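I wanted to go through this model feature by feature and write down what I looked up. The entries are kept in the order in which I made them.

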Amino acid sequence: MTPAEALLQELGITEPEEIELEAIAYHVGARVRFRPLCGCEAHILGCGGQAVITVKHDSSARRKRFSIAHELGHWRYHRGKTLVCRVDEYRPRDGTSAEKVADAYAADLLMPRYLFLPRAAALGRIAFDSIGGLGQAFQTSMTATAIRLVDLDQFPGFVISHTPRGRKWFARSPSVPRHWVPRDDLDAKSFAFGVQFGGRSDDSAPRKISADAWFDRQGAARFMVREQTFRVSRDETVSLVIIDDKAMLDDR
Ligand SMILES: [Zn+2]
């Protein structure tokens, strides 16, 4: 169990809706206040055993939850150190930066395994509507919830973000061999291309497509994957790419 999950258990939290971040912050000596902020979503100032977390007052409720959880990650791991927090949207990060540590703490606090995994297993099929239902229960964004499912290997596949300038990030489930790397740019064959550039509306469900639309690797065309794309903002689309073919997972 991670420190964030241990903290939730210590507080006797047994349901997702009991994860009240301001109360949890108070328990660890941090007060939360909401203020107009310019250029960042949140920051934390600590001295001794006390801290003040300031969160941008006009962000969405889910965004505020993520920001508080992220700052609590800094409070757990980086207190006493000088760092300029760049809390951003939740996305996969490389390496072992302080921001990644704080993001991982936030994911554990907002979607602890002992509450998240049983509900994820009960989803049945993986698609944005069921992921959205899970996000509703945990008060997390569609993107953060999808990344969590992938990170915890709840289905073999990817969550991939694109802007008109190309791929922004991707998350790959541990059961997918690392040589499967999504293309940098959207392939015109992908359904995502039509959503990103063609003004097409979001897919209502994952659809079958040849794997070479997503992976620029010899032999990719032998496989089929399923893809579903939705638009998260004016610029950005997020795609689920689900691997059903066992041979693609065994392919070395
Ligand atoms: Zn940070």
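**Ground rules**

I am working with a predicted model, in which local features need pLDDT of at least 70 and side-chain atom pairs count only at pLDDT 80 or more, while totals for chains, interfaces and linings use all residues. I number residues from 1 along each chain as its sequence is written, and the side-chain values use heavy atoms, with hydrogens and water left out. For helices (H or I, at least four residues) and strands (E, at least two) I take DSSP runs, numbered from the N terminus.

I first looked up which residues of helix α1 (residues 3-10) are buried (under 20% relative accessible area, with exposed over 50% and partly exposed in between, for a 1.4 Å probe and protein chains only), and found Ala-4, Glu-5, Leu-7 and Leu-8. Seen down the axis of α1, these buried residues fall within an arc of 155 degrees (taken over the directions from the helix axis to the C-beta atoms), so they line one face of the helix. They pack against α2 (21-27), α4, α5 (113-121) and α7, where contact means heavy atoms within 4.5 Å.

I then turned to α5, in which Leu-115, Phe-116 and Ala-120 are buried. Their arc, seen down the axis of α5, is within 115 degrees, so these residues also line one face of their helix. The partners against which the buried residues of α5 pack are α6 and α7.

**The largest pocket**

How much space lies in the largest pocket? I noted about 720 Å³, a volume being the space filled by probe spheres set on grid points that are joined across faces, edges and corners. A pocket here is an open set of points, on a 1 Å grid over the protein atoms alone, where a 1.4 Å probe fits, with protein on both sides within 12 Å along at least five of seven lines; lining residues have an atom within 4 Å of a point.

The lining holds 27 residues, and those nearest the centre of the pocket are Pro-92, Arg-93, Lys-100, Asp-151 and Ala-171. Two or more lining residues come from each of α4, α7 (142-151) and β5 (166-172), and α4 gives the most, with 6 residues. By class I recorded 12 nonpolar, 3 polar and 12 charged residues in the lining, with Ala, Val, Leu, Ile, Met, Phe, Trp, Tyr, Cys and Pro counted as nonpolar, Asp, Glu, Lys and Arg as charged, and the others, Gly among them, as polar.

**Val-101**

I looked up Val-101 next, which sits in helix α4 (residues 98-110) and counts as partly exposed because its relative accessibility is 28%. Leaving aside neighbours within four places in sequence, I find Val-101 in contact with Tyr-77 and His-78. Tyr-77 is 24 residues from Val-101 in sequence, with 7.9 Å between the two C-alpha atoms.

**Aromatic rings**

I counted 8 aromatic pairs in the structure, where rings of Phe, Tyr and Trp (its six-membered ring) pair if their centres lie within 6.5 Å, and planes under 30 degrees apart count as stacked, over 60 as edge-to-face and the rest as tilted. The pair of Tyr-77 and Tyr-105 is edge-to-face, because the ring centres are 6.1 Å apart and the planes stand at 85 degrees. Since Tyr-77 lies in helix α3 (residues 61-77) and Tyr-105 in helix α4, the pair ties together parts 28 residues apart in sequence. Tyr-77 is partly exposed at 34% relative accessibility, whereas Tyr-105 is buried at 7%.

The pair of Phe-128 and Phe-230 is tilted, with 4.5 Å from centre to centre and 55 degrees between the planes. Phe-128 belongs to helix α6 (residues 128-138) and Phe-230 to strand β7 (residues 224-231), so that I have a link between distant parts of the chain, 102 residues apart. Phe-128 is buried, with a relative accessible area of 4%, and Phe-230 is buried at 12%. I also noted a cluster in which ring pairs link Phe-158, Phe-170, Trp-180, Phe-215 and Phe-223.

**Positive phi**

Just after α1, I read a positive phi of about 75 degrees at Gly-12. Gln-139, a residue other than glycine, has a positive phi near 55 degrees and is placed in the loop between α6 and α7. Asp-153, again not a glycine, has phi near 60 degrees and is found in the loop between α7 and β4 (157-163). Gln-139 is partly exposed at 27% relative accessibility, and Asp-153 is partly exposed at 30%.
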